[in-house]
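Here's a quick tour of one model, written for someone who likes to know the cut-offs. Have the viewer open while you read.

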Amino acid sequence: MQTPYYLIDKARLLPNMEKIAWLREHSGAKALLALKCFATWSVFDLMSEYMDGTTSSSLYEVKLGREKFPGETHAYSVAWADHEIDEVLENSDKVIFNTVGQLTRFEEVSRGHIRGLRVNPGVSTSGFDLADPARPFSRLGEHDPKDIEPVLDQITGFMFHNNCENADFDRFDAMLGSIEQRFGHLIRRMDWISLGGGIHFTGEGYPLDKLSDRLKRFADQNQVQVYLEPGEAAITKSTTLEVTVLDTLYNGKNLAIVDSSIEAHMLDLLIYRESAKMDESGDQDWMVCGKSCLAGDIFGEFRFPEALKAGDRLSIQDAAGYTMVKKNWFNGVKMPAIAIRELDGSTRLVRDFTYEDFTAALS
């Protein structure tokens, strides 16, 4: 198969799904796929067997969830526009407003719909200010109980989304405790509570039993249905970005240029100044670089058993989350195709991208 392409391996996706299913069964919590992280609907057939539906960040994600993923469709956005609210309501089971102002603005048109409000507890686990929902002057949710209480009769649930790649159960437990302490009197008047995503409970060694017990206790004490919104947790380690070395050179370091680009195909590596992941072995040090004109288009530095050469194939690991949903046409670099390896080991191409797709994105 011609590179570059994303390869989603269902056999590597399945263990995440099984952990989600176990947690659902033992805690009573429901799990919604966060489409902002992963929206490749060609594997929704498998994922929908283990999850309860989807949650969104925009009208288009709401519609995708409704059309492609059986189960519940939750509609959230930082701000809904007047011209899209009708479609949002038509395609969702619950609508979650970011502020009291938005709830008030659309109160009449959304009357009769299940409604919720995002609440910002003021604490988070994000190591990046860019991704911290509790950063100073955050626009993400209401933070003062006094502002929330007057509209409680208009909503039946809250969404708290304040975790980010949180693999520490004790940290999650402490933050949930602080949420209960500050907002408990409001939570107990609700029917459902979403605790958002960013909890890395499918990671190796995570104490699922402790998480299950904590979620069940929270639900029982507050008499609410708990929702989780896994994104990365659902698809971690399931996907690779397959690339080919096009050229090599030496400029103080061994450099290999591949037929892909972090700015176009793994944008978060550039935004957060992180290195890609690759299985390493050997003592040959190489910097793997993208083919765009951006000087800093670099996947990272890795070790290989032999010197790289043109034609070598490389697999960039853990390439599902926030990649395919952010890919772009910078420099006109060919968009990676999308392939799926089925549980029986067979691989099929589900989407390729052409020059016509490039021109169709422009005008």
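What follows covers a strand and its neighbours, the nonpolar cores and one record entry.

This is a predicted model, where local features need pLDDT of at least 70 and side-chain atom pairs count only at pLDDT 80 or more, while totals for chains, interfaces and linings use all residues. Residues are numbered from 1 along each chain as its sequence is written, and side-chain values use heavy atoms, with hydrogens and water left out.

Four of its five residues are buried, so S6 is largely enclosed by the rest of the structure; buried means under 20% relative accessible area with a 1.4 Å probe, protein chains only. Its pairings are below (two strands pair if DSSP finds at least two bridges between them).

| Pair | Bridges and sense | Facing residues |
|---|---|---|
| S5 (residues 94–97) and S6 | four, parallel | valine 95 and arginine 115 |

Now the cores: sets of buried Ala, Val, Leu, Ile, Met, Phe, Trp, Tyr and Cys residues joined through side-chain atoms within 4.5 Å. The largest has 94 residues, and Phe38, Met47 and Phe201 are among those with the most contacts inside it. Helix H7 (residues 169–187) gives the most to this core, seven residues. A second, separate core of seven residues includes Met159 and Trp192.

As for the record, UniProt's unreviewed entry lists residues 237–319 as "domain: Orn/DAP/Arg decarboxylase 2 C-terminal". That span is 11% helix and 41% strand, with its end C-alpha atoms 8 Å apart.

Key:
Buried means under 20% relative accessible area, exposed over 50%, partly exposed in between (1.4 Å probe, protein chains only). Helices (H or I, at least four residues) and strands (E, at least two) are DSSP runs, numbered from the N terminus. UniProt positions are given in the numbering used here, feature names are shortened, and annotations may be inferred rather than shown by experiment.
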